[in-house]
Amino acid sequence: MTRIILITGATGSVSSALIRSLKGASGVRLRALVRDASKAPALRAQGLEVTPGDLDEPESLSQAFAGVNDLWLLNGVTPRQPENSMNALWAAKQAGVERVVRLSAIGASPDAPTRNGRLHALSDAELMSSGLKWTILRPHFYLQNLLMAASAIGAQGNLYWDMGEGKLAMIDVRDVAEVAAKVLLSDPGAHHGKIYTPTGPASLSLAQAASELAAGLGKPVRYVPVPHEAARKSMLDSGMPPWVVGLLGEYSRAYAKDWGNFTTSHLPELLGRPARSVREFAQDHGAAFGAAAGGAA
Ligand SMILES: NC(=O)c1ccc[n+]([C@@H]2O[C@H](COP(=O)([O-])OP(=O)(O)OC[C@H]3O[C@@H](n4cnc5c(N)ncnc54)[C@H](OP(=O)(O)O)[C@@H]3O)[C@@H](O)[C@H]2O)c1
């Protein structure tokens, strides 16, 4: 039997990587939920069915969910995240979806130090008590977040961030996607009731991560720790929404206190290989970071 996988967040970073990981898999049809019609052609060109739907509007979802077996549930970073997850879960139940694989976040809990972790905890709990088969992924901080610092690294070789000397095990979005694909392509019962926290292979301070970036890019990169207030002002000045700036500040404060200083064996156990390192990430994103001509040292 061919299973239909509905992919939410299909235009974003994790789901784009997931689509690449799932493409060509046998026994599945991929359907993308897209709220902005102008973004549909690029997904259709990759062979996906595309259906309109907005997770803010439950009445817009029935066509996208009809006939779906497996839901990949990803929500954007917004205060409406629990509402969006709730709407997707409601539509999934109406449509008889069998399994939901939900992207949550590191340390999601009612006591998490970030609003993002506390919001995800609400949605995780709702899914766990839904009666559907479920798996939850709570990945660590994405390596791709470092692309926010790419222009200063490219121009000055400086990685400005407000994480002090805290250590964390950043993970490549492509690895998060491969874990998700592994679960989605497994029998629906195989990972039911599991919560996985994929991490990078090592927990590093940003000074250590800068050395690894330098090795991958073939140019000097140094970490310049900045005070939380300076980072906050710079993000607000760049036009970032205050709610997101507040959320990022909460993560930085937590990581500066070593909240993210751990690794797990979930990814190697699921994929049978180590997670991508900071150095590999840098080698693969050389153009964005202004790598030295001729590649890495
Ligand atoms: N950044 C990290 O370090 C980190 C770590 C762990 C977990 N996470 C979690 O990862 C998730 C974000 O993943 P990402 O980086 O891949 O996201 P992203 O690139 O920001 O993409 C968000 C996606 O959600 C879609 N979307 C937003 N609101 C929607 C709505 N109302 N209806 C339908 N679609 C909607 C967007 O569509 P449009 O193209 O229409 O905007 C886009 O496809 C969050 O839940 C976050 O908490 C992040």
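Contact, in the legends below, means heavy atoms within 4.5 Å, and the model shown throughout is a predicted one.

**View A. Packing of helix H4 against helix H5.** Helix H4 (residues 81-95) and helix H5 (residues 115-128) pack with their axes 8 Å apart and at an angle of about 15°, which makes H4 roughly parallel to H5, since angles under 35 degrees count as roughly parallel. The crossing in which H4 passes H5 is right-handed. On the H4 side the contact is formed by Gln81, Pro82, Ser85, Met86 and Leu89, which meet Leu119, His120, Leu122, Ser123, Glu126 and Leu127 of H5. Sorted by class, the residues of this contact are six nonpolar, four polar and one charged.

**View B. Crossing of helix H1 and helix H7.** The axes of helix H1 (residues 13-22) and helix H7 (residues 173-184) come within 8 Å and cross at roughly 55°, and the two helices are therefore oblique to each other. The crossing of H1 and H7 is right-handed. Ser13, Val14, Ala17, Leu18, Ser21 and Leu22 of H1 make the contact with residues of H7 that include Val173, Arg174, Glu178 and Leu184. Ten nonpolar, two polar and two charged residues make up the contact of H1 with H7.

**View C. Surroundings of the ligand.** The ligand is surrounded by 25 residues, of which Thr11, Arg35, Lys39, Asn75 and Asn145 are the closest. A polar side-chain atom of Thr11 lies 2.4 Å from an oxygen atom of the ligand, whereas for Gly12 a backbone N or O atom lies 3.1 Å from a ligand oxygen atom. Asn75 likewise places a backbone N or O atom 2.8 Å from an oxygen atom of the ligand.

Note on methods. Residues are numbered from 1 along each chain as its sequence is written. This is a predicted model: local features need pLDDT of at least 70, side-chain atom pairs count only at pLDDT 80 or more; totals for chains, interfaces and linings use all residues. Side-chain values use heavy atoms; hydrogens and water are left out. Axes are lines fitted to C-alpha atoms, for helices over the stretch in contact, and angles run from 0 to 180 degrees between N-to-C directions. Helices (H or I, at least four residues) and strands (E, at least two) are DSSP runs, numbered from the N terminus. Angles under 35 degrees count as roughly parallel, over 145 as roughly antiparallel, 65 to 115 as roughly perpendicular and the rest as oblique. A crossing is left-handed if the near helix is turned anticlockwise from the far one by less than a right angle, and right-handed if clockwise. Ala, Val, Leu, Ile, Met, Phe, Trp, Tyr, Cys and Pro count as nonpolar, Asp, Glu, Lys and Arg as charged, and the others, Gly among them, as polar. A residue is near a molecule or strand if one of its heavy atoms lies within 4 Å of it. A polar contact is a pair of N or O atoms within 3.5 Å; within protein, one must be able to donate a hydrogen and the other to accept it, and residues adjacent in sequence count only if both atoms are side-chain atoms.
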